[in-house]
Amino acid sequence: MSEDGREYNGSGGLPSRQRRRFPGISSRAYEHPADRSALVALRKLSGFDTVFKALSGLLPERSLRLLFLSDSVRVSDQQFTHLNDMLRDACYVLDLEKVPPMYVNQDPQPNAMCIGLDEPIIVVTTGLVELLDEEEMRAVIGHEVGHALSGHAVYRTILLFLTNLAIRVAWIPLGNLAIMAIVTALREWFRKSELSADRAGLLVGQDLRASMRGLMKIAGGNHLHEMNVDAFLKQAEEYEAGGDLRDSVLKILNVLPRTHPFTTVRAAELKKWAESREFQRIMDGHYPRRAEDKDTSVTDSFRESAAHYTTSVKNSKDPLMKLVSDIAGGAGDLGGRVRRGFGGFAGSAPSEDRPRNGSDGSGPDSGSGPDAGDGNGTSGTGPDGPTDTPPRDKS
């Protein structure tokens, strides 16, 4: 790819289509708020990841590297050259200084991963290579490069190590509950980091339809002639809004053991982000730079994460989430009345009772008093207040 953003193929050197490049882009530009808050906090623990890397001998990372080197095909100018071109191009678009090694592993199951502490490596399976076309594969490689740029490989390994450490002390009273809390929080962060990487894949491929096609193929195989993007996204809407409270509980139980969000949900989330002002600003060249990462506020990141979850609950069509939002709104309304004192409750009395109490309708408790509007106002702003404590288990 040239400096003007034009992409060149590996053979003839002719431009195919123009795509934007993002010099110096920080991973904060595309990270999901919950993922970003966790990463900002971990990055502020100066020296922690360095010490952890020094202990990497306790982990099977070296063994994995040797395994892929000896029993997989390393992507290069001589092997899987089209994948090598896409990998280098993805690193160029996201301005990743060092191109990570990539391997193709014989496995019919479509999959890809980014692992490693000292140096991340990318692994894609033959099932994935055979399933996706060039533009779909470009988005997947961008997804994995996004993992590398965010440092997910390092921090995922750190958290997995801490989880394994917790399992060893399960004999401590209430140890199982503590372990489950750690594992649940870890998986929640894993799922959000996947949404972040999906966004990175879109920034690299810059073709939303290709990203959608890739997710559809992962869900339904190589049968695009039998699938439809709009119908696929409709499934996500039906999944979110359908059913009753029992279905809401089943959704939670289904997603808890997963490290990846459901495929239709990923597609819907990516489409929503692609249509957002945030994405358009990045495409216009307005995005946070890596040079500013050290000045990022942990508190602000936590607040953004908390605000995101609050907004998600408030806007969700899921029956359980709607119930939670309604209860929170009702509690906010009640709290507002309590803060205003007894008059807050008197102001909501039926109008036909007021003449018997000596009211002529012009006093402070008239039907046009503050309570008529504060009910909705409080329910709208109460849960979204900027001082909400961020959920601790989301990091």
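Val249, Leu250, Ile252, Leu253 and Leu256 make a nonpolar surface patch of about 400 Å². Patches are made of residues with over 30% relative accessible area and no salt bridge, with like charges joined within 9 Å and nonpolar side chains (Val, Leu, Ile, Met, Phe, Trp, Tyr) within 5 Å. Accessible areas come from the Shrake-Rupley method with a 1.4 Å probe, and for residues only the protein chains shown count as cover. The model is predicted: local features need pLDDT of at least 70, side-chain atom pairs count only at pLDDT 80 or more, and totals for chains, interfaces and linings use all residues. Residues are numbered from 1 along each chain as its sequence is written, and side-chain values use heavy atoms, with hydrogens and water left out.

Helices (H or I, at least four residues) and strands (E, at least two) are DSSP runs, numbered from the N terminus. Ile252 has a relative accessible area of 37% and is therefore partly exposed; buried means under 20%, exposed over 50%, and partly exposed in between (1.4 Å probe, protein chains only).

Aromatic rings were examined next. A pair of aromatic rings is described by the distance of the centres and the angle of the planes. Rings of Phe, Tyr and Trp (its six-membered ring) pair if their centres lie within 6.5 Å; planes under 30 degrees apart count as stacked, over 60 as edge-to-face and the rest as tilted. By this rule there are 5 aromatic pairs. In one of them, the ring centres of Phe22 and Tyr287 are 5.9 Å apart and the planes stand at 85 degrees, so this pair is edge-to-face. The pair links distant parts of the chain, 265 residues apart: Phe22 lies in the loop between strand 2 (15-18) and helix 1 (33-44), and Tyr287 in the loop between helix 13 and helix 14. Phe22 is buried, at 1% relative accessible area, and Tyr287 is buried at 9%. The rings of Phe68 and Tyr103 have centres 6.3 Å apart and planes at 25 degrees, so they are stacked. Phe68 belongs to helix 3 (residues 61-71) and Tyr103 to strand 4 (residues 102-105), 35 residues apart. Both Phe68 and Tyr103 are buried.

A salt bridge is a side-chain nitrogen of Lys or Arg within 4 Å of a carboxyl oxygen of Asp or Glu. The count comes to 15 salt bridges. Asp95 and Arg21 form one of them, with the closest N and O atoms 3.0 Å apart. Asp95 lies in the loop between helix 4 (81-93) and strand 4, and Arg21 in the loop between strand 2 and helix 1, so the pair ties together parts 74 residues apart in sequence. Arg21 is partly exposed, at 26% relative accessibility.

Other salt bridges lie within a helix. In helix 12 (residues 263-274), Lys272 and Glu269 are 3 residues apart, separated by about one helical turn; their side chains meet in a salt bridge (4.0 Å, N to O). Lys272 is exposed, at 53% relative accessible area, while Glu269 is partly exposed, at 26%. Salt bridges that share partners join Arg19, Asp89, Glu134, Glu135 and Arg138 into one network. Within this network, Glu135 and Arg138 form a salt bridge with closest N and O atoms 3.6 Å apart. Both Glu135 and Arg138 are buried.
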